[in-house]
Amino acid sequence: MRFDFFRRSNAEETAAAGQSKDLTALRNADGYVAYTLLLDAQKRVAGYKLSWRSAAKPEEAPDAITQFKALVACVTEHLNPPDTPWQLGRSELFFDVNAESLAHGALQSLPPEYTVFCVELADFAIEELRPVLLFLREQGFSFMLRGATALPEDHELLGMVTHFDVGGGDAMLVAAARRGEQPDHMPVQPIATRMASWKDFDACAARRIDVFVDASCGAPPAANTGSRTLQPESVLIMRLLQMIQRNEDLREIEAALKRDAALTYRLLRHMNSPAVGAGVEIHSLHHAVTMLGYSPLFRWLSMLLATSNPTGSPPFMMKKAIMRGRFVELMGEIMLPKGESDNLFVVGMFSLIDQLLGIPMEEVLNKVQLSDSVQQAILARQGVYGPFLSLAEACESNTGDAARLSESLLLSADQVNAAHLSALAWSQDAVPAEAAH
């Protein structure tokens, strides 16, 4: 096996530029981006593991390296475009790689300080691959070692490992990762990649182990499982949402909001955040409605509702709900008439509101009378908005239905991936500071 160590002449760089164009052409044509959340001990999002799910039948799918190049090109375009800051703040991205993909020049388009390559022990130990590993590590890329029962004894390889797959939190693997007996090395971060339940998560959290979480774990239990009482702030936000839906006089809405100075501050701070991007500093609710209108105000109050019960839901659920709302909204903007986008955001976000507030969905919908079309989507994934929500869920949980659902909505994989990654980036600024990582 022969590897390209990225040390190329001008002619080779020209050839690489041509390859880059080829990557752009194929970046989203054959599949969909899926993600798994990496959570820290406080259930905050620390990073994302991205993967590529081919839209083709298994027997017709392109080879693994082609799919990997498509994933990298898609991520580069939407999260790390030229002359633009990294779109995910401090969040790291994890990618499963092998010897062939590690030697590919496309990796250079990823931000080294925020990229972790997950490598099997068999590939990591290939002697001919070592110069590539060393080069990437010198550039600032990180490596997570998978499929190993211990860290490498080779001093040089050991110095390249930054993260260590400890399965479900195996005590011996965690101890090896922490390397207390080797003070000349920085500690390796243990990552639990095979969590079966939230009970397992709690066990890992107690030992300061970050955990990859996917849909198989189900909904996280609320911290206050013994109580179904809404927080006072949640009750007030629900009342304001009802007043806006009834188009009540602005003065009455302002009077209700002024009963909670902290909520007023949070709302105005939120509306002046980069995620809203009004372009003009908003100083009052009256100014907000004048600038944005009732429908966007309903949207932003919905976002505050998602973060109004911090004892009832973990921080990552707030980000997930807001990201889903934006994802559904962006897909709908492509197909539906202008003016429907705020309804789509509410559909996506409210689809998780029961988990956020710790009360049944029916109880939430009894307190906030949403339109029939919105309720149809949330309760049954039906109506004009339902298919967009189903598609977002399919992309999140990798059910294998993304290609079928996007085709039914006349959306290309390119459009879906653009919406998905744009929503992921947007959510970094959208989550209020109180809930942010």
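Two strands pair if DSSP finds at least two bridges between them. Strands are DSSP runs of E with at least two residues, helices are runs of H or I with at least four, and both are numbered from the N terminus. The model is predicted, so local features need pLDDT of at least 70 and side-chain atom pairs count only at pLDDT 80 or more, while totals for chains, interfaces and linings use all residues. Residues are numbered from 1 along each chain as its sequence is written, and side-chain values use heavy atoms, with hydrogens and water left out.

Start at strand β2, residues 45-54.

Strand β1 (residues 31-39) runs antiparallel to β2, joined to it by nine bridges. Leu-38 faces Gly-47 of β2. The two strands form a hairpin with five residues between them. In that turn, Lys-43 has a positive phi of about 65 degrees.

Strand β3 (residues 92-97) runs parallel to β2, and three bridges join them. Lys-49 has Phe-94 in β3 as its bridge partner. Between β2 and β3 the chain passes through helix α2 (residues 64-79), a right-handed β-α-β crossover. Right-handed here means that, with the strands pointing away from the viewer, the path from the first strand over the helix to the second runs clockwise.

Now go to Met-335, in helix α14 (residues 315-335). Met-335 has 34% relative accessibility, so it counts as partly exposed (between 20% and 50%).

Methods
Buried < 20%, exposed > 50% of the residue type's maximum accessible area, 1.4 Å probe, protein only.
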